[in-house]
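Subject: Structure handover and findings

Dear colleague,

Please find below the structure for your files. The findings follow directly after it.

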Amino acid sequence: MGEFRSVLDVLGYLSGRWQVIRSVRDLASGATGEFSGTTVFGPLDGGGLLHREAGIFVWQGVPRPAERTLRFLPGPTPGSADVRFADGRPFHDLDLTSGRWRTDHPCAADLYRGEFEVYDEDHWRTTWRVGGPTKEQLLVTDYARAGHPGHPGHPGQPA
């Protein structure tokens, strides 16, 4: 597993500003979209990080502003986090000590399956596959630390 970078302090690793590019594909219809913007992981009162993402989401050629906020709380070990929605509801667990993590999030009748991969100090990726009666989607998000543009290519992964 030499292609992934171990993260011993997940909150320390994520802290700061990241450039974000996310591709979204509706697997049922074939429709596609892309989000581009920034994510800032800043200090959260009481510990942890506040994740604020803002940018433009273009769906089938129509651009619109998009944003979201999450809370990354300290997990049971420094390499892990408890990720929650802005209102405090649980989203998923995260443990990057091996540089790779898989997790699930049930959302009504649909299931979100997430995979997190850390490539180096300045690049990581999330892949969410959504399946169920209301959604069939694939969302791939590349993160590059601000000031370190580009996403390194990896075997079997688009650059």
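Please note that the model is predicted.

H51 lies in strand 3, which covers residues 49-59. Is H51 buried or exposed? Its relative accessible area is 1%, and because the cut-off for a buried residue is under 20%, H51 counts as buried. Apart from neighbours within four places in sequence, the contacts of H51 are T39, V40, F41, R68, T69, L70 and F72.

Strand 3 is paired with strand 2 (residues 32-43) in the antiparallel sense, and eleven bridges connect the two. Within strand 3, A54 is the residue that stands opposite T38.

These strands belong to an open sheet of ten strands with antiparallel pairing, in the order 6-5-4-3-2-1-10-9-8-7. The edges are formed by strand 6 (90-95) and strand 7 (100-107); each has a single partner strand, so one side of each has no neighbour in the sheet. From one strand to the next, the twist averages 20 degrees.

Strand 10 (residues 136-145) deserves a separate paragraph. Nine of its ten residues are buried, and strand 10 is therefore largely enclosed by the rest of the structure. Which strands pair with strand 10? Strand 1 (residues 16-26) runs antiparallel to strand 10 and is joined to it by nine bridges. In this pairing, V24 stands opposite L139 of strand 10. Strand 9 (residues 123-131) also pairs with strand 10 in the antiparallel sense, over nine bridges, and here V130 stands opposite Q137 of strand 10. Strands 9 and 10 form a hairpin with four residues between them, and in the turn G132 has a positive phi of about 160 degrees.

Leaving out neighbours within four places in sequence, V10 is in contact with P78, G79, S80, A81, L94 and L96.

With kind regards

Note on methods. Residues are numbered from 1 along each chain as its sequence is written. This is a predicted model: local features need pLDDT of at least 70, side-chain atom pairs count only at pLDDT 80 or more; totals for chains, interfaces and linings use all residues. Side-chain values use heavy atoms; hydrogens and water are left out. Buried means under 20% relative accessible area, exposed over 50%, partly exposed in between (1.4 Å probe, protein chains only). Contact means heavy atoms within 4.5 Å. Two strands pair if DSSP finds at least two bridges between them. Axes are lines fitted to C-alpha atoms, for helices over the stretch in contact, and angles run from 0 to 180 degrees between N-to-C directions.
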